[in-house]
Each structure stands twice: as C-alpha cells, then as structure tokens.
Amino acid sequence: MMLLKGARVIDPQVGIDGVMDVLVDGGVIAEVSEAVDAPEGCEVVDCAGKVLVPGLVDMHVHFRDPGFEYKEDIASGVRAATHGGFTDVATMPNTDPVTDTGTAVRYQIDRGADAGLTRVHPIGALTRGEDGESLAEIGDMVMEGACGFSDDGHGVQSAGMMRTCMEYVSQFDRAVIAHCEDESLTANGVVNEGRASTRLGMFGWPALGEELEVMRDIELCRLTGCPLHVAHISTARSLDLVRAAKAEGLPVTCEVTPHHLFLTEENITDSYNTNLKVNPPLRTRDDAEALVAGLADGSIDCVVSDHAPHAAHEKDCEFEIAYFGTVGLETTLPLMLTYLVDRGTITWQRLVEVLAVAPRRILRLEPVAVEAGSAADLTLIDPEAAVTVTTEYFESKSKNSAFLGLHLKGAASDVVIGGKRVLEAGLVR
Ligand SMILES: [Zn+2]
C-alpha cells in the first residue's frame, strides 16, 4: 500500500482540483479524499507542494528497436519516458525491420514489459515495410495489441492506397495516424520553404506539402469513416482544415509537438544547429502562434514529443545531410509547464487533457482517472523543479535536443505505474 499525501490533485475527468490524499492498494486507487489515515505498514509519500495527475501519455515516439539500437533501444527509451513523467508511450513502426506484423508488435510489448518502467504500446505500419504499396497485416497486429496504424516517417503517397488502408483499419476500432507529406512537393526540402530557405540558401519543404495530404486524408476519412489522427501538425492552415473537419463532425483529431509550438524557422541561424532540423520543419512565427491558440482552444487534441533520437555523428555534420529529428521525451513536460501553464496560456486541466486524457482516447487505451477503482497510473509533478537542459540531463541514449541550453521550471518528480513507484524524486528506479 502507498499513501500519496497532500498533493494538489487535478483531473478534469472527475472534476477534481484540490489538496487530497490518494491511497493506492495493489495496482488500483483505493481512496481519494481530503484526509486518509495511513493503514499500518503503508508507505507514506509526502506530496506537499506537488501536483498529482493521471499518468501522462506520449503517443508519438521512436525507440529505434529493432534495427538502430545505437540511437535508442526499448530499455533506454522507457527510461527516458519514465524520467520525462510518462506512464505510457506509443512507438512508431519505422524500425528495421518495420513493425508490420503481429510478431513485431509482440516483441515491442514484451521488451517494454521486461524493463518494468513506462508501458510500450506499439503503433503498427499501414503498409508492408512502409513501402506505401501493399497492406500490412493489420488484423494480426490488432490481435497482438497494436494501438493504432501509421507509416510515420513517410506520407502514404498514393490516395488509392491510403483509402484501402483506411477502409481496412476502420474495421478494427483503431485510428490511422497520418504523417502528412506529399513527397513530390517536399523532395529535398530541409527547412520551411519561404524566408528560411531563401535566407539560408537551402531547399524548402513547403507548407502545402503537408496541407495537401491533410486535405486529402480528411476527404478519405469522410469517404471511409475511418478515424483519422493527423500527426505533428505544423501549419496554421493544416489546423484550419482540422478545425473545419471537426465542425462537420468527422472523426478527425490531431497532435502537435513542443518544437512546433515553441520554436520557429527564425531559430535556425547561420550557426546551422542541426538539432533544429526536424520533419515537418520549423515553420513561421504566425504558424507557431496559431498552434498555441489551437492547443488552448481545444482544436488540437494532444501534445507529443515525436522523440527522434540520433547518434552524434548523424547530427554533427552539414545541415543538408543531417538526420531529421529531436529527442523530446524528457523536455515535453518542463516546456509545457514553463511556457504555457506558468504563463497562464493553458490551465492545468487543459494540460491533463492534452497529455493524459486525449491520447488514451485516440489510442483506445483504458481510461485512467484519479478516483477510487481506477488503475494506479499517476504522475506527480513538482512545479518548482529547476531543469537545465544539458546532455547530462538525458536518460535517452541520444542527446540531439532542439532545446539544449534552456533553463526550465517544473518537471515530473514521481511516476507510479500499476501502483509501483518507478520514478522517485526525479530518479528512475
Ligand atoms: Zn512523422
């Protein structure tokens, strides 16, 4: 038994916001009330000054296992996730081999369970080897526990193939998670097309390269009825398209990353910091402002890190040939607290919705709430924790963070998964 004593408990699902004691018995929450007496032999955790919320979920991470374990493997990935405050993550299938079979899905779940930290929920590939041409074994992957389907890393280039994928996935109560990129438009692009590409003299990745596939996939959602989740939305117009689809009642959701909220193409200077090379690219200030507004008003459903670890030699090179991506699992929560919650741009309730409630709903995971009877999957946040983003800060094998050097305020101090404390006072067990 464990008694979490005196935290400010916030959970909009049960309309709770106040200082409470939470008693955990086995893997389940036994009681939530203003004063719980500790039963004999019960571990008591003093949570004064901290905020207790349903366990956080990052529904878009890359663990590179199997195939690229030198960047990250499942064991190191879940350590980073636990350190970042997450009880659950969903892993993208662009591994080597691609996660496109039931066996490959089972491998990820089992490896995650072996680590005994953050739970791993694999997202299966839509097409075999993410080739964009032949349907993967969707049904087998659902049977083994795939929580969604995506060819992330690539857009599905053929509208006909995407239609087939969506028709098929729609039979299994799962969402198609779309990496929207028309490669005939983005080609060799490495930065946003426009000011950045002109100023830096590099190939541009135009906003339309994303927006055209967002438009197409919303139309295919209308045609097939398959739930569509737009991954890492990056432009104001993409957001408007999603807003319009939602207003029509189509089953469309979307996510945004911290780097698209808090960084813009203007951050890429003549120092050519390759950690700012991400896909889709950092956009304009107007885009970033629109995304923050969309997150606050509910148009954007959730925040994901798109945690994309790369080894030093894959980033320590010319901008054009550097790999796309930034690590993010360990900075998402501190960034959200520092730049949005602390400034009053979003409420704590909204933070819980975008980092805990919505991702579980989109991935069809069991809901978790801070109430008696719910699974004891909890994140305890210290709003005053000082975080300096250095390479030493990361549990991840890779250090390619777009946010290196920042001083942030607020981080997870403890993570409870199935009633077991796996992060204690900021340290992974
Ligand atoms: Zn992607």
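Which side chain of opposite charge is nearest to E130, and how far away is it? In this predicted model, the residue in question is R64, at 9.5 Å. E130 is buried and yet forms no salt bridge. Its position is in the loop that runs between β8 (119–122) and α3 (138–144). When neighbours within four places in sequence are set aside, the contacts of E130 comprise P93, N94, V98, A125, S150, D151, D152 and H154.

The zinc ion is coordinated by D152 through OD, by H179 through ND1 and by H232 through NE2, at 1.9 to 2.3 Å. Along the sequence, the donor residues follow the spacing D-x26-H-x52-H.

Strand β1, which spans residues 2–11, is mostly covered, with seven of its 10 residues buried. With β2 (residues 16–25), β1 pairs in the antiparallel sense over nine bridges, and V9 stands opposite G18. Four residues separate the strands of this β1–β2 hairpin, where G15 adopts a positive phi near 65 degrees. The pairing of β1 with β4 (residues 43–46) is parallel and involves four bridges; here L4 faces V45. A parallel pairing over two bridges also joins β1 to β5 (residues 51–54), with R8 opposite V51.

Definitions and conventions:
Residues numbered from 1 in each chain as written. Predicted model: local features only at pLDDT ≥ 70, side-chain atom pairs only at ≥ 80, totals over all residues. Heavy atoms only, no water. Donors = N, O, S within 2.8 Å, 3.2 Å for Na, K, Ca; no water. Buried < 20%, exposed > 50% of the residue type's maximum accessible area, 1.4 Å probe, protein only. Lys, Arg positive; Asp, Glu negative; His and termini not counted. Salt bridge = Lys/Arg side-chain N within 4 Å of Asp/Glu carboxyl O. Contact = heavy atoms within 4.5 Å. Pairing = 2+ DSSP bridges.
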